[in-house]
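Hi,

Here is the structure I promised to send over.

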Amino acid sequence: MNHLPRDARCFAGALVLLSLPCASAQAARPLVDRQEILLWPATPPGSDGVKLEEKTQERSKDPANPDRAVTGVTKPSLTAFVPARPNGAALIVASGGGYERQVIDKEGMEVARAFVPRGVTVFLLKYRLPAEGHENGRDVPLQDAQRSVRLVRANAAKWGIDPARIGVMGFSAGGHLAAYVGARFMTKVYDPTDEIDRMTSPRPDYVILLYAVVSMDDGVTHAGSKRALIGPTPSKAAVAAYSADLHVGVQTPRTLLVLADDDTAVPPENSIRYYQALKRAGVPAEMHVFARGGHGFGIKKAAGLPVGDWPKLALDWMATGGLMGK
């Protein structure tokens with residue numbers, strides 16, 4: 001049975017093909033495939049008074065290969081893709097887009113299609129963007145990432161998920177967010193809004209990074225992601241604060257890194273720095289650098305190249321690490 005959607009109404013907010021209503025963050029009912037779960041019980045922290053129109057732009061001219069980008073997020077959420085036979089593993093996916101948009105097909109829907117058949121419950125994270133008028137905009141992506149882990153863990157029993165097998169996967173700027181929540185999961189970036197915040201850990205159990213932005217250092221970072229996240233002229237302190245590799249510690253989750261050596265948009269030095277920081281901290285880590293693939297290879301675009309095997313590689317890594325259940 002195919003549990004994957006032709007479209008995700010709640011996540012994209014544009015093509016209304018589904019009649020399933022979106023659920024609030026308070027809902028603890030059994031998880032329904034293609035259900036959107038709002039992260040916050042009310043207005044997210046720092047978004048009071050923010051007036052944005054959520055928009056979804058279709059950038060592809062090929063109907064068989066959609067390439068949608070979302071902006072104007074004020075109601076961050078998780079959209080769930082539920083396997084026919086869940087194995088207990090959960091994966092929260094943060095797509096990239098330079099912190100200016102979120103690319104939801106090649107770094108979202110394609111991931112669900114690859115991982116759900118193996119029993120992994122996939123949640124596509126729609127997070128707020130830092131330069132869209134939110135208070136403390138630099139921290140709103142991390143707020144949403146922390147909350148997403150807490151929300152999945154708090155509902156794990158009813159959703160058929162093992163609370164000790166919740167991971168975060170990120171691509172490009174979404175990779176920065178995944179690395180950052182892995183390294184700074186306990187950094188307080190908002191006041192608790194409910195019992196989920198007060199009682200539940202935001203620490204992912206594992207992290208998977210695809211061609212991730214990691215450092216904010218000039219010459220290493222992706223300039224557009226840096227500008228959108230911390231502004232055009234950030235202080236040295238801000239550069240250090242938002243460089244994920246500088247905050248890795250012994251509690252940082254085990255991490256898999258995948259990238260291409262010919263990536264000219266996000267230099268491989270980003271992943272190398274994060275891998276080295278993990279090893280210095282004694283955190284289990286594995287890194288795969290493929291010769292070809294460039295940046296933003298996703299899954300379909302990588303077909304026919306060795307890097308195109310990365311979903312199998314990631315699933316095998318999860319299985320070897322005991323994350324896939326029986």
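R101 counts as partly exposed, because its relative accessibility is 29% (buried means under 20% relative accessible area, exposed over 50%, and partly exposed in between, with a 1.4 Å probe and protein chains only). E100 is partly exposed too, with a relative accessible area of 36%. The side chains of R101 and E100 meet in a salt bridge at 3.4 Å, N to O; by salt bridge I mean a side-chain nitrogen of Lys or Arg within 4 Å of a carboxyl oxygen of Asp or Glu.

Before you go further, bear in mind that this is a predicted model, where local features need pLDDT of at least 70 and side-chain atom pairs count only at pLDDT 80 or more, while totals for chains, interfaces and linings use all residues. Residues are numbered from 1 along each chain as its sequence is written, and side-chain values use heavy atoms, with hydrogens and water left out. The protein chain averages a pLDDT of 92, and 91% of the residues score at least 70 (pLDDT is the predictor's confidence in each residue, from 0 to 100). Please be careful with residues 1-22, where pLDDT stays under 50.

Back to the salt bridges: a search of the whole structure finds 18. One of them joins the side chains of E54 and K126 at 3.0 Å, N to O. E54 sits in the loop between β1 (36-38) and β2, and K126 in strand β7 (residues 121-126), so this pair ties together parts that are 72 residues apart in sequence. (Helices, H or I with at least four residues, and strands, E with at least two, are DSSP runs numbered from the N terminus.) E54 is partly exposed at 24% relative accessible area, whereas K126 is buried at 4%. E36 joins E54 and K126 in a network of salt bridges.

Another salt bridge is between the side chains of D105 and R68, at 2.8 Å, N to O. This one also links distant parts of the chain, with D105 in helix α2 and R68 in strand β3, 37 residues apart. Both D105 and R68 are buried. As for helix α2 (residues 105-115), eight of its 11 residues are buried, so it is largely enclosed by the rest of the structure. Among the buried ones are M109, V111 and F115.

Now the strands. There is an open sheet of three strands in the order β2-β3-β6, with antiparallel pairing. Its edge strands are β2 (55-58) and β6 (102-103), each pairing on one side only. Strand β3 (residues 68-71) pairs with β6 over two bridges (two strands pair if DSSP finds at least two bridges between them), and V70 has Q102 in β6 as its bridge partner.

Elsewhere, β10 (residues 254-260) and β11 (residues 285-290) pair in the parallel sense over six bridges. T255 has A285 in β11 as its bridge partner.

Last one: is Q146 buried or exposed? Q146 counts as buried, because its relative accessibility is 2%. Q146 is found in helix α3 (residues 140-154), and its side chain reaches the backbone oxygen of R184 at 3.2 Å. Leaving aside neighbours within four places in sequence, Q146 is in contact (heavy atoms within 4.5 Å) with several residues, including F185, Y190 and P202.

Cheers

Key: A polar contact is a pair of N or O atoms within 3.5 Å; within protein, one must be able to donate a hydrogen and the other to accept it, and residues adjacent in sequence count only if both atoms are side-chain atoms.
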